[in-house]
Amino acid sequence: MSTKLFELLLQASIYTVTISMVSILIGFAIAIIVSAMLLSRQRLFVLPGQIFISFFRGVPLLVQLLLIYNLLPVIGINVPSIVAAIVGLSLCTAAYQAENLRGGFASVPSGLVESAEMVGLTPIQIFRRIKAPIALRLTFPALVNEAILILKASSLVSVVGIVELTRMAQDLAGSTFLPLEIFASAGLIYLAINWIVALAGGLIERSLPGVPR
């Protein structure tokens with residue numbers, strides 16, 4: 001396989017990384033809100049959170065992408081394909097990240113919270129100094145794993161017209177008649193990206209307060 005073909009795959013991988021990272025960050029922000037709804041004592045908040053998670057975990061991502069891509073124009077929202085792809089990935093990963101965060105917050109020892117309340121800490125201080133750091137340490141490996149899964153799942157955004165790494169590999173394999181070399185190269189690029197994410201995640205995890213080095 002020529003260097004030119006490999007460069008085309010690398011260029012397409014930029015779309016893969018960009019779409020995935022933006023979706024993961026937006027999904028994390030949504031997940032914080034949804035996990036707070038799940039942990040609420042008000043049924044008014046818990047039920048919508050449960051419905052959100054049930055839908056986006058129960059419906060295949062491919063169907064979600066096609067549904068969002070075709071639904072937005074119907075309701076009068078015309079956006080580029082890349083926006084529809086990011087919306088779909090963000091909502092999907094938010095459902096999984098919300099469950100991870102919910103488990104992390106639920107695992108915070110109640111004794112620590114009660115002690116903090118006794119010394120006069122406000123709810124915001126308790127969240128910032130106790131709940132959030134502990135929950136993050138407990139859920140961080142799962143969040144890194146979710147990031148890797150979204151990087152791989154981003155190959156599905158080709159159905160809405162995004163020429164990311166997998167779609168580029170398919171196009172090149174069809175035009176050059178070198179499917180083995182093309183897909184093997186794409187697989188190596190995916191492997192390298194995910195290895196970097198896993199390595200960075202491990203370094204960040206070890207730098208978190210309270211995590212043994």
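Student: Which residue caps the N-terminal end of H7?

Tutor: Glu-164 caps that end of H7, with a side-chain oxygen 2.9 Å from the backbone nitrogen of Thr-166. Helices here are DSSP runs of H or I with at least four residues, numbered from the N terminus. Bear in mind that this is a predicted model, where local features need pLDDT of at least 70, side-chain atom pairs count only at pLDDT 80 or more, and totals for chains, interfaces and linings use all residues. Residues are numbered from 1 along each chain as its sequence is written, and side-chain values use heavy atoms, leaving out hydrogens and water.

Student: And how far apart are the end C-alpha atoms of H7?

Tutor: They are 16 Å apart, which agrees with the 16 Å that the 12 residues of H7 (residues 165-176) should span at 1.5 Å a residue, the expected span being 1.5 Å times one less than the number of residues.

Student: Which residues of H7 are buried?

Tutor: Leu-165, Thr-166, Met-168, Ala-169, Leu-172 and Ala-173 are buried, meaning under 20% relative accessible area with a 1.4 Å probe, protein chains only. They cover an arc of only 160° around the axis, so they sit on the same side of H7; the arc is that of the directions from the helix axis to the C-beta atoms.

Student: What covers them?

Tutor: The cover includes H1 and helix H8 (179-207).

Student: Switching to Ser-35, is that buried or exposed?

Tutor: Ser-35 counts as buried because its relative accessibility is 1%. Ser-35 lies in helix H1 (residues 3-39) and, not counting residues up to four places away in sequence, touches Ala-98, Leu-101, Arg-102 and Phe-105, where contact means heavy atoms within 4.5 Å.

Notes
Helix = DSSP H or I, 4+ residues; strand = E, 2+ residues; numbered from the N terminus. Buried < 20%, exposed > 50% of the residue type's maximum accessible area, 1.4 Å probe, protein only. Polar contact = N/O pair within 3.5 Å; in protein donor to acceptor, adjacent residues only side chain to side chain.
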